[in-house]
Amino acid sequence: MTAKIRPDHSDADFVAMLPKVELHVHVEGTIEPETLFNIADRNSIELPYDTPQGMLSYQTENKSEGTENLANFLECLDISRSALRTASDYHAITVNFLRRCRDEGVRYVEMMFDPQQAIRQGVPFSECLDALAQGRNDGLRDHGVRSQWILCFQRDHPATEAAPLLDAAMAHSTEIAGVGLDNYETPGFPRLFQSAFDQARIAGLRLTSHCDVNQSDSVQHIKACIEHLGVERIDHGLNTVDDPALLELVLDREVALTGCPTFYAGQSACLADRLEMHRSLADAGVCISLNTDDPAQFGSGWLTNTMLSAMQAAPFTRAEIVRFAQNAIDTAWTDATHKRELTVELDSFCNASD
């Protein structure tokens, strides 16, 4: 049951009690330091840090420039996810994250995973997916959080790897809601994966792709993902705001964006700029939501902290935060009945807080 909030409650209370949905989070980026160190120790993997503080400072030390950059983040993420060497590792991080979702008031989450990474590290695809499926079921049973999986192909690896992965995934079609593209953003990547996305669409899977912020050819990549891949969502996609024609295309095709302000946590100038992009897109009518992306890896907090930090920094009103929450419900890949249930709960919360 949704907690009742009074008008005199703080914004922190408001966001903490808000029933939430998350659509853009990588399960490999949710590994909390203690869990990571335990897994690495069990698998005899040597990490370049041995404390939570070291894990976070490593990102800053290795930046190639004074601001955020995707390559540095992915390099650091690779170090953490390289510790995952068994199916039980994937099960453990899933259950741990869904427990965290319960504590954050997240009712439903769509989690991304990178099977190519697992395969390269000796975990067969079928074993990895079985472990993730069991983790999803255990998370629902033990923590009451509903979830689905999004299988991501890595853009910086051969597109020819996508089709056999998709074939293998069809044996677990009830576990996978859709497919996406992530990792390093390579030039002209949408066209390379068009065949795989056509195959996924025919199989009834939903479609998304990362288009990271301020990358080379960001506007062209977003446009190509919509026109050639037929995506329903873009993960990030904030550079839509830079091009009126692209903005019109996003609105006309009703493409949703899954924004992640936590990418810039701790970098106030970048955060302010990105939050203004979120506001401009929302005000233009784009269905954009707020998500955490890789909360443990960034050290930026979980969904409550993400939404509260965005609310305070933008600043956003409570009504605007609710709009982001409703956008997440509206663009979730769950059934219509479940969406109505989520909307009713959000409406009840808002009515109680009036």
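So, where is Asn183 found? Asn183 sits in the loop between β4 (176–182) and α9 (189–192). Before I go on, please keep in mind that this is a predicted model.

Why start with Asn183? Well, phi of Asn183 is near 75°, a positive value in a residue other than glycine. Most residues other than glycine have a negative phi. And is Asn183 buried or exposed? It's buried, with a relative accessible area of 6%.

Now set that beside Glu254. Here phi is near 55°, again a positive value in a residue that isn't glycine. Glu254 belongs to the loop between α12 and β7 (256–259). Glu254, though, is exposed, because its relative accessible area is 69%, and the cut-off for exposed is over 50%.

Most peptide bonds are trans. The one from Ala314 to Pro315 is cis, with omega near -10°. You'll find Pro315 in the loop between α15 (303–313) and α16 (318–330).

Okay, helix packing. Two packed helices are described by the angle between their axes and the distance between the axes. Take α5 (residues 87–104) and α7 (residues 125–143): their axes come within 8 Å and cross at roughly 30°. Angles under 35 degrees count as roughly parallel, so α5 and α7 are roughly parallel to each other. The crossing is right-handed. Among the residues that meet there are Tyr90, His91 and Leu98 in α5, and Cys128, Leu132 and Gly139 in α7. That contact divides into 7 nonpolar, 6 polar and 6 charged residues.

Then there's α11 (residues 218–229) with α12 (residues 244–253). Those axes come within 10 Å and cross at roughly 25°, so this pair is roughly parallel too. α11 passes α12 in a left-handed crossing. The contact uses Val219, Ile222, Lys223, Ile226 and Glu227 of α11, and Leu246, Leu249, Val250 and Arg253 of α12. Those residues split into 6 nonpolar, no polar and 3 charged.

Last stop, Ser289. Ser289 lies in strand β8 (residues 288–290), and it's buried, with a relative accessible area of 1%. Which residues does Ser289 touch, leaving out those up to four places away in sequence? Leu23, Leu257, Thr258, Gly259, Phe324 and Ala328. The Ser289 side chain also makes a polar contact with the side chain of Asn291, at 3.1 Å.

That's my tour, so over to you.

Technical notes
Residues are numbered from 1 along each chain as its sequence is written. This is a predicted model: local features need pLDDT of at least 70, side-chain atom pairs count only at pLDDT 80 or more; totals for chains, interfaces and linings use all residues. Side-chain values use heavy atoms; hydrogens and water are left out. Helices (H or I, at least four residues) and strands (E, at least two) are DSSP runs, numbered from the N terminus. Buried means under 20% relative accessible area, exposed over 50%, partly exposed in between (1.4 Å probe, protein chains only). Contact means heavy atoms within 4.5 Å. A polar contact is a pair of N or O atoms within 3.5 Å; within protein, one must be able to donate a hydrogen and the other to accept it, and residues adjacent in sequence count only if both atoms are side-chain atoms. Axes are lines fitted to C-alpha atoms, for helices over the stretch in contact, and angles run from 0 to 180 degrees between N-to-C directions. Angles under 35 degrees count as roughly parallel, over 145 as roughly antiparallel, 65 to 115 as roughly perpendicular and the rest as oblique. A crossing is left-handed if the near helix is turned anticlockwise from the far one by less than a right angle, and right-handed if clockwise. Ala, Val, Leu, Ile, Met, Phe, Trp, Tyr, Cys and Pro count as nonpolar, Asp, Glu, Lys and Arg as charged, and the others, Gly among them, as polar.
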